[in-house]
Amino acid sequence: MTRYSVWNLIKGGLTGQRHWSRAWRDPDPKPSYDIIIIGGGGHGLATAHYLSKHHGLRNIAVLEKGWLGGGNVGRNTTIVRSNYLLDANSQFYEKSLKLWEGLSQDLNYNVMFSQRSVINLAHSKPQLDSYARRGNAMRLNGIDSELLDREEVRKLVPLLDFSENARFPVYGGLMQPRGGSARHDAVAWGFARSADAHGVDLIQNCEVTGFKIENGAVTGVETTRGSIGAKKVGLAVAGSTSHVAAMAGLNRLPIESHKLQAMVSEGLKPLVHQVITYGAGHFYISQSDKGGLVFGGDLDGYNSYAQRGNMPLIEHVAAVGMAMMPAIGRIRLLRHWSGIMDMSMDGSPIIGKTPIKGLYLNAGWCYGGFKATPGSGWCFAHTIANDEPHALNERFALNRFATGHLIDERGAGPIPGAH
Amino acid sequence: MFVIRCPYCGDRDMVEFTYGGDASKKHPDNIEEPDQAVWQAHVYERDNPRGWHLEWWQHTSGCRSWVKVARNTLTHEIAGTAAADEPLALPVSEDAS
């Protein structure tokens, strides 16, 4: 692997830039590994990166059914934030945000992390009060937050509907200045390249079709490219968790699979400078570095494993967008896509051990998977390496649904589609 | 997009309906002596199949009845619908992978 640096760029200038090596190898699977990670998406690749680079472990493979980064890591709205109310979420996502801040250096790959701030709009006095409470909870956890009044919001985002006709007038907002967005594909590729450089075998077009379990302990997996032995197996297949976990006998997880759409407009000059979320409907928008407005809204609303969206939801999202920022009404929609979310029963993720020895679960990411990518990989790597969860993820254990220690940020109850 | 056949109103666009989740769940009996494992499974655990799924839809913009639907979560194909108190069998799932 050739290191990306100014020096290597200048040196390459003398030889026609022909010295760059490929970003990662394409190895055949070995008969066995110490650790297998199932799922070559953001979380799986991040886990492999932290296992190899930070825990110094070798003999690791990542098995991916399709191609690296073909799932949810490339099917999101790339928002990164840690503006949560509950301690477990707050502290975990803040760890993740801190990892984002040094990620490009850690990976030697520019993930284009841009801390352009995240602003949640409030459209009533009580809503602004609840944001004050959340902002204070964030500050108690050492996270930056600023409460904005109507005029402060108007100064930052003049395009919002501040007219007298606004159905839901802007009362103010809660801003996290360190929030922002990143380039999603670069995140997958950066983690993949780093993991490969530290000896991890990234095996694509290799679908897991079964698990080998002896005496309650995992000993390997069956795949479309043969049987592969493993001492430990980590599952990072959010979207298809129930489907894959059932092969290991973990039936009936506290998860439903739902699809969530995201949309991007034609490219424009700089227009939306922050990540902005609407408070009177479900809508969030930012502008990519290419210029397209990237936005999304609610789930399509029913169990689905189909990675394609429906028109009624697009219309709904567009209507909410128009209510919030009328100026975007004449902009044309360029593309839309859909990813499959693991919607968990309390809206929070699951990272930890399972009843099967040597099998670890990373699932239930709901809407929050992209921003969690480095934090999730970091915690999952710690859990796999030490066979024990880190303090940051022990509250995300699978058995919290039995013990009653739910982490229900929205207070929506056990209705996965409502989180 | 799909069309759901309401047993009372006939074929209607999906936007008239509201999703109500897994219809294979049955409220636990014997509520006088609740068993925690049974209730945990009822409240929190789901089969979440990739393939045929028995589910509730309410015809909220129509007759407001609850309708039982056999739908494939991978293809969105609907095999059949029934009134809430009628039995509805799922087609045999071929390997959905």
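Which residues in α5(A) are buried? Before you click, know that this is a predicted model, where local features need pLDDT of at least 70, side-chain atom pairs count only at pLDDT 80 or more, and totals for chains, interfaces and linings use all residues. Residues are numbered from 1 along each chain as its sequence is written, chains are lettered from A and ligands numbered from 1 in the order in which they are written, and side-chain values use heavy atoms, leaving out hydrogens and water.

Now select residues 125-140 of chain A: that's helix α5, with 16 residues. (Helices are DSSP runs of H or I, at least four residues; strands are runs of E, at least two.) The buried ones are A:Q127, A:L128, A:Y131, A:R134, A:G135, A:A137 and A:M138. Buried means under 20% relative accessible area, exposed over 50%, and partly exposed in between, using a 1.4 Å probe and protein chains only. Show β4 (118-122), β5 (146-149) and β6 (172-176) of chain A too, as they are among what covers those residues.

Next, jump to A:V6, which sits in helix α1 (residues 6-13) of chain A. A:V6 is exposed, at 62% relative accessible area.

Last stop: cysteines. How many disulfides are there over all chains? The count is 0, where a disulfide is a pair of cysteine sulfur atoms within 2.5 Å.

Technical notes:
The expected span of a helix is 1.5 Å times one less than its number of residues. Contact means heavy atoms within 4.5 Å.
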